[in-house]
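We will go from charged side chains to sheets, and then to a bond between sulfur atoms.

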Amino acid sequence: QVQLVESGGGLVQSGGSLRLSCAASGLTFRSYAMGWFRPAPGNEREFVAAISRSAYVTAHYADSVKGRFTIARDNAKNTVYLQMNTLKPEDTAVYYCAAHRSSTWTTPRTVYEYKYWGQGPQVSVSS
């Protein structure tokens, strides 16, 4: 059974930082591209960041978080991270971790490409 368990959410002031973690089990982690999403208006989930499977890791970010957020993975710990710096009130959301089995070094950016999802920690940024 595949499980993605996130942690690290919380309340922070504008300009602050948080690091989210997503620990995966029940899958061959290094064979999966990993992504982070958050809800958008209309209840769809919008792309935040994605990192390719190993090796030759690549990453992509939504324009809204580029330069502020960093996605990284630790295959020894089966964990993907999202370091969020210079947080803004508009970053307030539930952040979902997702896994996409990949044979290439793609970084999928739509919800439909991901098979497994976590429950999502709440991130709240006060002004």
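Which side chain meets that of Lys66 in a salt bridge? The partner is Asp63, with N and O 3.2 Å apart. This is a predicted model, so every distance here is computed from predicted positions. Both Lys66 and Asp63 are exposed. Side chains of opposite charge can pair when their charged atoms come close.

The count of salt bridges comes to four. Now look at another of them. Arg68 forms a salt bridge with Asp91, and their closest N and O atoms are 2.7 Å apart. The two residues sit in distant parts of the chain, 23 residues apart. Arg68 is in the loop between S6 and S7, while Asp91 is in the loop between S8 and strand S9 (93–94). Are these two buried or exposed? Arg68 has a relative accessibility of 9%, so it counts as buried, because buried means under 20%. Asp91 has 1%, so it counts as buried too.

Next, find Arg38 and Glu46. Their side chains meet in a salt bridge, with N to O at 2.7 Å. Arg38 is buried, at a relative accessible area of 5%. Glu46 is partly exposed, at 29% relative accessibility.

Now turn to the strands. Strands of a sheet pair through backbone hydrogen bonds, either parallel or antiparallel. Start with the open sheet of four strands. Its order is S1-S3-S8-S7, and the pairing is antiparallel. Which strands form its edges? They are strand S1 (3–7) and strand S7 (69–74), and each pairs on one side only. From one strand to the next, the twist averages 15 degrees. Look inside this sheet at S3 and strand S8 (residues 79–84). Six bridges join this antiparallel pair. Take Arg19 as an example: its bridge partner in S8 is Gln83.

There is also an open sheet of five strands. Follow the order S6-S5-S4-S10-S11; here too the pairing is antiparallel. Its edge strands are strand S6 (59–61) and strand S11 (116–117), each pairing on one side only. How many bridges join strand S5 (residues 45–51) to S6? Three do, and these strands run antiparallel. Within S6, His60 is the bridge partner of Ala50.

One more link remains. A disulfide is a covalent bond between the sulfur atoms of two cysteines. The count in this model comes to one disulfide. Cys22 and Cys97 form it, with their sulfur atoms 2.1 Å apart. Why does this pair tie together parts that are 75 residues apart in sequence? Cys22 lies in strand S3 (residues 18–25) and Cys97 lies in strand S10 (residues 96–101), so the bond reaches across that stretch. Here the two sheets come back into the story. S3 belongs to the four-strand sheet, and S10 belongs to the five-strand sheet.

Zoom in on the bond itself. The torsion about the S-S bond of Cys22 and Cys97 is about -75 degrees, so the disulfide is left-handed. Cys22 is buried, with a relative accessible area of 0%. Cys97 is buried as well, also at 0%.

Methods. Residues numbered from 1 in each chain as written. Predicted model: local features only at pLDDT ≥ 70, side-chain atom pairs only at ≥ 80, totals over all residues. Heavy atoms only, no water. Disulfide = S-S within 2.5 Å. Buried < 20%, exposed > 50% of the residue type's maximum accessible area, 1.4 Å probe, protein only. Pairing = 2+ DSSP bridges. Axes fitted to C-alpha atoms, helices over the stretch in contact; angles between N-to-C directions.
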